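Work through the exercises below with the structure open. Try each task before reading its solution.

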Amino acid sequence: MPLKQDVRKKAVYQEPGPILDHDNPFQSMMERFDYAAELIDLDPGLYEYLKSPSRIHITSVPVSMDDKSIRVFQGYRVIHNEVLGPSKGGIRFAPDVDLDEVKALAAWMTWKCAVVGVPFGGAKGGITCDPSTMSSGELERMTRRYTANLMDVFGPDKDIPAPDMNTNEQIMAWLMDTYSMHVRRTETAVVTGKPLILGGSAGRREATGRGVMTTTLAAMERIGLRASQSTVAVQGFGNVGSIGAQLLREQGCKIVAVSDVSGGYYNANGIDIEDAVRYAESHGRSLEGYGGAEPISNEELLALEVDVLAPCAKENQITGKNAANVKAKIVSEGANGPTTPEADTILEANGVLVIPDILANAGGVTVSYFEWVQDRQGYFWTADRVNRRLDRMMREAFEKVYGAKEEYNVSMRIGAYVIAIKKVADALRMRGIYA
Ligand code: NAD
């Protein structure tokens, strides 16, 4: 067990064979976990306990396709930890969903909930599929069968799913309905990220982008940057990226570049984000062909001379190969796992302040928690109340993580892991190990 090695001096990241595992997210998460565990001298038994998911569910999901054929998809639900409360985490539909990815994302949820102070454990789910080639009916049947297969896993007091990549309010509505049909009552609190009319929360759709904005502003204050004089580049223009960009713009930042799968778009005078959002909405959620900025590559976007770089697309975007090109003073991780451990070392050496994913994008799970509370109370808050409470929790979490960074003289990422692991380990010690 790697608890006692000096991970600061020694590169713990083992570059494996040419392509395979190079960006394995579970490996990537574990490296940070090991480092923080070492730093707080975590008991070896607790280390073993916390590094392993508590349960892994793999289920075959047969679906009647529109052409009458039957296809079987692989579905996953990993419960990483339930020490602080019921487990919580999104469900993603994508061709590259695999067990390692779901395990990493489940553990991330445990740490994220602990960092931001919501009483949940961590989980994640997914189905390996290509939703872009499936009809709405096929997606509905797949969602319902996945939910039915996992009826014993899900529950408002047990495990509460939410949207993630390629899953949305509609999919959450089907999940809630399927669960409710099985338990013979409407159980809105079984899932978050639902449509408002079905017990969703005001502000949930904007919550992750809002958390990115709040933590970015807090980081700017720490290093003496003013929003009104700062430039920002945002990678990814989906839920997190487009809303994060809009809210930072509202705070006075100049958003000079955005990107999506179609490439990057740069305008030194600032992109009109509302206009770009409208363009994407009317062009199949894509910025392809957007005329309000000049096209650049995604690699060029990452290397722009800006104050803030917000990677809000997917994992492994800032790597050992391109981290040295990053010129931003702050990297604000809207996406999960956008920076590899190798890149972390380079960014830290170059004095870049990285707001780690488990803090920067925790706004989503925070408002998911609010949604769950509101569903259970049957009493719904105004958007203003949601936003005020979210801003307060994100600010507090930021200050705690920044405090840990200073106390241990580490990056904010390791500071966040230290806080999270300590909290879960303390709770575990108090609960004890059931014989
Ligand atoms: P989304 O599907 O709405 O948007 C993803 C965006 O990234 C799209 O614009 C897509 O075109 C773009 N993209 C994909 N690959 C890219 C690439 N290689 N280069 C540039 N752009 C690329 O997804 P989302 O909900 O915005 O989630 C984005 C990230 O944030 C994911 O890592 C997700 O796990 C994380 N996250 C989301 C939430 C949430 O509430 N939505 C919460 C926490 C974390």
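**Exercise 1: an aromatic pair within a helix**

Tyrosine 369 and tryptophan 372 both sit in helix H12, 3 residues apart, about one turn of the helix. The model is a predicted one.

Task: classify the aromatic pair formed by tyrosine 369 and tryptophan 372.

Solution. 
- Start with the distance: the ring centres are 6.3 Å apart, and pairing requires centres within 6.5 Å.
- Next take the planes: they stand at 35 degrees, and the pair is tilted.
- Widen the view: one aromatic cluster is formed by Phe120, Tyr369, Phe370, Trp372 and Trp381.

**Exercise 2: a second pair**

Task: state how the rings of tyrosine 146 and phenylalanine 154 are arranged.

Solution. 
- A search of the whole structure gives 11 aromatic pairs.
- For tyrosine 146 and phenylalanine 154, the centres lie 6.1 Å apart and the planes meet at 55 degrees, so this pair is tilted.
- Tyrosine 146 and phenylalanine 154 are buried.

**Exercise 3: two helices in contact**

Task: describe how H6 and H12 cross.

Solution. 
- Helix H6 spans residues 204-223 and helix H12 residues 363-377; their axes come within 7 Å and cross at roughly 145 degrees.
- The H6–H12 crossing is right-handed.
- From H6, Arg204, Ala207, Thr208 and Gly211 meet Gly363, Gly364, Val367, Ser368 and Glu371 of H12.
- Sorted by class, this contact has 2 nonpolar, 5 polar and 2 charged residues.

**Exercise 4: an arginine**

Task: is arginine 77 buried or exposed?

Solution. 
- Locate arginine 77: strand E2, residues 70-81.
- Its relative accessible area is 0%, so arginine 77 is buried.

How values were computed:
Residues numbered from 1 in each chain as written. Predicted model: local features only at pLDDT ≥ 70, side-chain atom pairs only at ≥ 80, totals over all residues. Heavy atoms only, no water. Helix = DSSP H or I, 4+ residues; strand = E, 2+ residues; numbered from the N terminus. Buried < 20%, exposed > 50% of the residue type's maximum accessible area, 1.4 Å probe, protein only. Axes fitted to C-alpha atoms, helices over the stretch in contact; angles between N-to-C directions. Left-handed = near helix turned anticlockwise from the far one by under 90°. Contact = heavy atoms within 4.5 Å. Nonpolar A, V, L, I, M, F, W, Y, C, P; charged D, E, K, R; others polar. Phe/Tyr/Trp six-rings, centres within 6.5 Å; stacked < 30°, edge-to-face > 60°.
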